[in-house]
2 protein chains.
Amino acid sequence: MHFSLTDIENMDQRFKVNFINSLSGFKSANLIGSMDANDQHNLAIISSVFHLGADPALMGFINRPDSAERHTLSNIIETGVFTINNVTKTMYKQAHQTSARYAKSESEFEQTGLTPIFSNNHLAPYVEQSTIRIGLELVEQSQIKYNNTHLVIGKIVEVIVQDNVIKKDGYIDIEQLNTVMVSGLDNYHSSQRLERLAYAKVGTKPQALVI
Amino acid sequence: MHFSLTDIENMDQRFKVNFINSLSGFKSANLIGSMDANDQHNLAIISSVFHLGADPALMGFINRPDSAERHTLSNIIETGVFTINNVTKTMYKQAHQTSARYAKSESEFEQTGLTPIFSNNHLAPYVEQSTIRIGLELVEQSQIKYNNTHLVIGKIVEVIVQDNVIKKDGYIDIEQLNTVMVSGLDNYHSSQRLERLAYAKVGTKPQALVI
């Protein structure tokens, strides 16, 4: 079935939102922890976190300042720090609930039953129920010109993860850590490993790798 | 286990690349189809495609011009068009193989056995083996200041997908379309639906939704 630009533009608004949100494929599911200058905590589920580089170690995400995520961006600009925490099979419902439009004076941690914990080396709140916790410092923030979203880039300054899932070559078995993913706006999925493949080279066939 | 900024900076280079690439969670797996002004085709697997907005319908991805992806960016700037095609369970090995450093005069389609197909309404090549095919026009391209990567944003102008997986409210069941995802640099996974959850509201518990 072909949908043209006109077909897309003429879609019912809710239909269009679900349809377009499904197109990019499976999305990472992460909780962004932040606080304002008065130490009011915030927690927001974000499905647009992406890897940006290993050296320096950078991660980015897209923030929609007109949504329930609005306090995340203002907090990060105010304090310069935030955390990224993975969403797992055992708490994805609570993670999803952080997307409700709570007032700035309400902490999504308290409202959803997720627990803030702190590191000695980083100011922003981590999520105790997460199995991967990453501390970041803001390094770049810019508005996407074409729509009212913001690109936020952080430098990784701390990682907290159990060491028995880190493989010899540095790969972290995020499946074993019960990490889930999102499709569309609101569908949660777990994963099943198909295969690990060796670095692709011209003139050879893809080779399976032991993880 | 805590890793500090110093621990991260002192990691062996290959270990660091695998470790940091694992942190963002599961990534979408897509093939970007493009061509230069002489109609030389290119196909590149990219794990950083993300949803950017539904109205206008936008998608973005991160391009590393110093990697095997280098021809993708120059092609898109040259012709202004590209396609995004999902990676499926039946051809993820061929998709992975597109990341080998083929010369510009070699088409990754031919080299990996994936088949280019064309629409009457869009110039860039689609992948016949994909079950979601998206045609896009370049609308914005900018360098990330902090490292040598580029943000590429396209406007969706065509979508080709079978209609029996599109739900009444517009959600596309990408799991039924055998869409796979990536973790780390080179791990491929299939998905298993946990649940669809209703729009989160203050004062209610997360409710399951029929998909």
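Some ground rules. This is a predicted model, where local features need pLDDT of at least 70, side-chain atom pairs count only at pLDDT 80 or more, and totals for chains, interfaces and linings use all residues. Residues are numbered from 1 along each chain as its sequence is written, chains are lettered from A and ligands numbered from 1 in the order in which they are written, and side-chain values use heavy atoms, with hydrogens and water left out.

Back to the cavity. How is empty space found? Rolling a probe the size of a water molecule over the atoms shows where it is left. The search uses a 1 Å grid over the protein atoms alone. A cavity is a set of points where a 1.4 Å probe fits but cannot get out. A pocket is an open set with protein on both sides within 12 Å along at least five of seven lines. Lining residues have an atom within 4 Å of a point. Points are joined across faces, edges and corners, and a volume is the space filled by probe spheres set on them.

The whole structure gives 1 cavity of 30 Å³ or more. The largest cavity holds about 30 Å³ of space. Its lining is B:D36, B:Q40, B:H41, B:N42, B:H71, B:N75 and B:K104. By class, that lining has no nonpolar, 5 polar and 2 charged residues. For these classes, Ala, Val, Leu, Ile, Met, Phe, Trp, Tyr, Cys and Pro are nonpolar, Asp, Glu, Lys and Arg are charged, and the others, Gly among them, are polar.

Now look at α3 of chain B. B:H71, B:T72, B:L73, B:N75 and B:I76 are buried there. Buried means under 20% relative accessible area, exposed means over 50%, and partly exposed is in between, with a 1.4 Å probe and protein chains only. The buried residues of α3(B) pack against β3 (30-35), β4, β6 (57-63), β7 (81-86), β10 (132-143) and β11 (150-161) of chain B. After α3(B) comes B:G80, with a positive phi near 80°.

Next, the second largest pocket. About 170 Å³ of space lies in it. Which residues line the second largest pocket? They are A:K93, A:Q94, A:Q97, A:Y102, A:Q111, A:T112, B:G203, B:T204, B:K205 and B:P206. α4(A) gives the most, with 3 residues. The lining has 2 nonpolar, 6 polar and 2 charged residues.

Pick out A:T112 in helix α5 of chain A. Is A:T112 buried or exposed? A:T112 counts as buried because its relative accessibility is 9%. Leaving aside residues up to four places away in sequence, A:T112 touches A:Q94, A:Q97, A:T98 and A:Y102. Contact means heavy atoms within 4.5 Å.

How do the chains relate? A rotation of 180° with 0.0 Å of shift along its axis superposes chain A on chain B, with RMSD 0.0 Å. That is the relation of a two-fold axis. Of chain A, A:S191 comes closest to the rotation axis, at 2.2 Å (C-alpha). The copies meet through the same surface, because 100% of the interface residues of chain A are also interface residues in chain B.

On to strand β6 of chain A, residues 57-63. All 7 of the 7 residues are buried, so β6(A) is largely enclosed by the rest of the structure. One side has A:A57, A:M59, A:F61 and A:N63, and the other has A:L58, A:G60 and A:I62. β5 (residues 50-54) runs antiparallel to β6(A), joined by 4 bridges. Strands pair if DSSP finds at least two bridges between them. A:F50 stands opposite A:G60. β6(A) also pairs with β11 (residues 150-161) of chain A, antiparallel, over 6 bridges. There A:I62 stands opposite A:L151.

Last stop: the backbone. Most residues other than glycine have a negative phi, and most peptide bonds are trans. The bond from A:D55 to A:P56 is cis, with omega near 5°. A:P56 lies in the loop between β5 and β6 of chain A. A:D39 is not a glycine, yet its phi is positive, about 65°.

Technical notes: Copies are superposed by least squares on the C-alpha atoms of residues with pLDDT of at least 70 in both. Helices (H or I, at least four residues) and strands (E, at least two) are DSSP runs, numbered from the N terminus.
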